[in-house]
Amino acid sequence: MGGGRGGASMSFEVDVTARRGDAVVGATFQAGEGSTVLFGPSGAGKTSLLMMIAGLLRPDTGRVRVSGQVLFDAARRINVRPEDRRAGVVFQEPRLFPHLSVRRNLLYGAASAEGLEEIATRLDIAHLLDRWPRTLSGGEARRVAIGRALLRDPDFLLLDEPLASLDRARREEAMLMIERVRDETRLPMLIVTHDPEEAERLGRQIIRM
Ligand SMILES: Nc1ncnc2c1ncn2[C@@H]1O[C@H](COP(=O)(O)OP(=O)(O)OP(=O)(O)O)[C@@H](O)[C@H]1O
């Protein structure tokens with residue numbers, strides 16, 4: 001393998017395993033530019049894999065590189081701390097802080113307030129900035145979580161089932177929004193889903209687990 005940088009056009013280069021209870025989960029794949037969908041049945045280890053890439057779960061073996069940069073390498077004892085990986089992570093549950101307004105949730109961990117208006121407009125949440133998380137719909141809360149991830153000025157995005165538990169109309173809306181984020185930011189994106197239609201539409205490349 002050699003040096004620290006991979007092919008310039010590789011976004012994710014992943015080869016990891018981790019023990020989870022009685023199971024061993026992991027995956028080996030390389031993804032090119034654009035968005036990549038991780039597709040697989042419940043329990044396949046998709047969430048665990050995202051956590052390993054984000055640095056929130058330590059793999060037992062293997063390597064993780066994103067855009068050519070080594071984030072984890074068991075053999076070389078490299079394990080970049082999660083806060084230094086510059087990942088924008090959106091979990092299945094939006095995990096907003098209940099005691100902070102939407103605006104302060106968005107700015108949590110942000111480098112600066114610059115970009116707030118633009119991102120809020122792009123995600124159609126500008127009218128929600130002074131609301132409390134408990135007053136948001138599922139789709140709105142998810143858009144806020146995505147906005148928060150973007151405001152951290154991430155190098156890449158990890159989205160865990162961003163459309164789960166939305167009704168049909170909201171799903172279409174959220175799908176369009178993700179496509180827009182994908183096309184406008186051009187950040188490497190890894191999107192977990194177990195919905196074939198969603199996988200087909202959002203992923204330039206589909207990794208089956
Ligand atoms: N904290 C844990 N302790 C023990 N086992 C775990 C833990 N978390 C996950 N597992 C197990 O690891 C495996 C992978 O779980 P994971 O959540 O990564 O799968 P998934 O593909 O994201 O599933 P889903 O689509 O249902 O969210 C499952 O067998 C699960 O039971």
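**View 1. Residue shell around the ligand.** The ligand is surrounded by 13 residues, of which the closest are Arg20, Gly21, Ser42, Thr47 and Ser48; a residue counts as near a molecule or strand if its C-beta atom, placed from the backbone, lies within 6 Å of it. H1 gives the most, with three residues. Helices (H or I, at least four residues) and strands (E, at least two) are DSSP runs, numbered from the N terminus. By residue class, the shell holds three nonpolar, eight polar and two charged residues. Here Ala, Val, Leu, Ile, Met, Phe, Trp, Tyr, Cys and Pro count as nonpolar, Asp, Glu, Lys and Arg as charged, and the others, Gly among them, as polar.

The model is predicted: local features need pLDDT of at least 70, side-chain atom pairs count only at pLDDT 80 or more, and totals for chains, interfaces and linings use all residues. Residues are numbered from 1 along each chain as its sequence is written.

View 2. Strand E1 (residues 12–20) pairs with strand E2 (residues 23–31) in the antiparallel sense over nine bridges; two strands pair if DSSP finds at least two bridges between them. Asp15 has Thr28 in E2 as its bridge partner. Two residues lie between the strands of the hairpin, and Gly21 takes a positive phi near 60 degrees. Gly21 is also among the closest residues to the ligand.

**View 3. Pairing of E1 with E4.** E1 also pairs with strand E4 (residues 61–66), in the antiparallel sense and over six bridges. Opposite Thr17 stands Thr61 of E4.

**View 4. The chain as context for the close-ups.** The protein has six helices and ten strands. Its radius of gyration, taken over C-alpha atoms, is 17 Å, close to the 17 Å that the globule rule gives for 209 residues, so the protein is as compact as a globular protein of that length. The globule rule is 2.2 Å times the number of residues to the power 0.38. The C-alpha trace spans about 50 × 35 × 35 Å along its principal axes. Of the 209 residues, 40% count as buried, meaning that 20 or more other C-beta atoms, placed from the backbone, lie within 10 Å of the residue's own. An unreviewed UniProt entry annotates residues 9–209 as "domain: ABC transporter"; such annotations may be inferred rather than shown by experiment. Over residues 9–209 the chain is 30% helix and 27% strand.

How values were computed. Buried ≥ 20, exposed ≤ 12 C-beta atoms within 10 Å, placed from the backbone.
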